[in-house]
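Open the model in your viewer and keep the selection tool at hand. We will go stop by stop.

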Amino acid sequence: MTEFALRTSLPQYLRAEQLKIEGFAKSYGLDFFPIIFEILTYDQMNEIAAYGGFPNRYPHWRFGMEYERLSKSYEYGLSKIYEMVINNNPAYAYLLEGNSIVDQKMVIAHVLGHVDFFKNNYYFSKTNRKMIDGMANHATRVRRHIERLGLEKIETFIDSCLCLENLIDPMSPFIVRRTPERDEDKAAETAKEVPRLRAKEYMEGFINPPDYIEEQKRRMERERDKPRRNPREPERDVLLFLLQNAPLETWERDILEIVRAETYYFAPQRQTKVINEGWAAYWHSKIMTEKACLASEVIDYADHNAGVLATAPGQWNPYKVGISLLRYIEERWDKGRFGREWNECQSLDERRTWDLRLGLGRKKIFEVRKLYNDVTFIDEFFTMEFCQQNKFFSFSLNERSGNYEIDSREFQKIKNKILFQLTNFGEPFILVEDSNHDNRGELLLRHRHEGTDLHEENARATLTALERIWRRPVSILTVIDGKPKTLRFDGKDHAEKPA
């Protein structure tokens with residue numbers, strides 16, 4: 001797949017619609033970065049989408065495979081990309097050439113919702129707002145390594161890094177997890193007083209004889225000189241630990257830094273998929289139905305919008321869940337259905353007709369947009385009432401029929417299942433336990449088991465990638481079929497034994 005550079009410009013009639021819709025959005029209180037729209041052919045759109053929305057990425061076979069998948073999906077009528085938007089300042093967004101004017105207006109309004117979310121949501125506050133340039137710089141650095149060392153060597157190492165790209169701590173940009181040891185701390189430890197047994201002054205020589213004091217001094221020195229466990233506490237950001245401790249060559253460290261930086265850039269988008277898409281859908285719906293849509297366009301808009309929000313049985317549509325929950329929150333705060341009195345009200349008739357006419361709904365959803373991610377959003381506002389109104393069910397695979405079937409209508413079970421799928425992106429929690437396991441320089445990790453066993457094939461691929469970077473055997477403590485196990489890879493063979 002060839003590198004693609006943007007050369008297109010937005011037609012004048014679409015530029016006029018953009019300015020008009022931006023005015024509508026600002027009148028509602030949306031606050032967004034400047035947005036540069038480009039209009040692309042479907043082939044260009046697929047190419048950009050394969051690169052994750054960026055016009056320039058480092059060369060790697062996975063982008064080519066993604067391009068082939070998107071192209072075939074479009075050609076066979078299975079999917080169609082209407083828009084893409086990049087969290088950047090200024091933001092970049094792409095429109096599909098050939099779409100109707102109604103589609104283009106809806107997409108512009110949708111993009112404004114996304115960019116408002118990017119700018120104001122807490123979880124995006126630490127992201128690189130110049131990532132267009134950042135991705136281009138990453139591509140240049142990788143190409144220099146390829147020129148010097150060859151494509152196969154670099155691409156193989158990138159494969160190993162990408163196997164580990166989910167081993168991060170999405171909250172680490174916001175939290176200082178450990179304080180570097182200072183010289184004064186070491187001095188204070190050295191100057192610690194030797195522990196003595198309590199004794200009256202005339203009995204001091206008998207209770208704490210010189211031999212005892214000397215032995216205590218030697219014990220303290222042995223403890224002080226003993227190698228510290230590394231890491232001192234379990235480390236969730238495995239990629240950072242590898243950067244700081246693995247025996248990497250300069251070019252390897254550079255590539256691992258690139259993969260980690262890009263993973264952290266995309267992490268907030270994965271953390272806020274439901275609320276972000278819901279927010280954008282809410283505002284494109286509001287702007288189109290109240291401001292931007294002409295009378296002659298209403299039917300087309302309604303048809304296309306229904307396609308965006310459609311939910312097939314057994315499927316999860318973040319657009320639909322997000323917008324429905326935001327509207328539910330807005331209604332509750334407009335009617336005053338919150339607080340102590342509401343929570344303590346047991347009368348179904350009173351609850352059904354409860355309306356204090358507070359009109360706080362719009363203010364509340366802007367607050368939600370600013371402070372919440374998917375997990376906190378669902379955890380706080382996905383109530384039994386909302387679940388029943390929207391007819392949520394819990395599905396599971398019937399192994400006998402091979403079909404997904406409803407297995408529960410219980411609210412708490414449904415909510416827990418949704419939260420479980422969203423927490424840590426639905427992926428296992430893996431932490432570094434020890435970089436000198438069994439005093440042999442081996443790397444030991446731990447799977448924080450929360451009810452779901454590791455996928456065996458994925459675990460082996462992860463251990464293989466870790467061994468490639470650590471250059472020593474790697475083990476992981478986990479639970480399989482309810483029993484503690486240790487999975488190990490020594491560079492040649494995978495082994496499993498009781499922990």
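Helices (H or I, at least four residues) and strands (E, at least two) are DSSP runs, numbered from the N terminus. This is a predicted model: local features need pLDDT of at least 70, side-chain atom pairs count only at pLDDT 80 or more, and totals for chains, interfaces and linings use all residues. Residues are numbered from 1 along each chain as its sequence is written, and side-chain values use heavy atoms, with hydrogens and water left out.

Colour by burial. Of the 499 residues, 44% count as buried. Buried means under 20% relative accessible area, exposed over 50%, partly exposed in between (1.4 Å probe, protein chains only).

**The cores**

Select I35, F377 and F382. In the largest nonpolar core, of 61 residues, these three touch the most other members. Helix α4 (residues 101–120) gives the most to this core, with 10 residues. A nonpolar core is a set of buried Ala, Val, Leu, Ile, Met, Phe, Trp, Tyr and Cys residues joined through side-chain atoms within 4.5 Å.

Stay on F382. Leaving aside neighbours within four places in sequence, F382 is in contact (heavy atoms within 4.5 Å) with L325, F377, C387, F392, F411, I414, K415 and I418.

Select residues 238–245, helix α10, and residues 250–271, helix α11. They pack at an angle of about 160°, with axes 10 Å apart. Axes are lines fitted to C-alpha atoms, for helices over the stretch in contact, and angles run from 0 to 180 degrees between N-to-C directions. The two helices are therefore roughly antiparallel (over 145 degrees). Show side chains: L239, L240, L242, L243 and Q244 of α10 meet R253, L256, E257 and R260 of α11.

Now pick Q269, also in α11. Is Q269 buried or partly exposed? At 26% relative accessibility, Q269 counts as partly exposed. Beyond neighbours within four places in sequence, Q269 is in contact with N87 and F124. The C-alpha atoms of Q269 and F124 are separated by 8.1 Å, yet the two residues are 145 apart along the chain.

**The hairpin**

Finish at strand β6, residues 429–437: eight of its nine residues are buried. β6 pairs with strand β7 (residues 442–448) in the antiparallel sense over six bridges. Pairing needs at least two DSSP bridges between the strands. L431 stands opposite R446 in β7. Four residues separate the strands in this hairpin, and D438 in the turn has a positive phi of about 60°.

Definitions and conventions. Angles under 35 degrees count as roughly parallel, over 145 as roughly antiparallel, 65 to 115 as roughly perpendicular and the rest as oblique.
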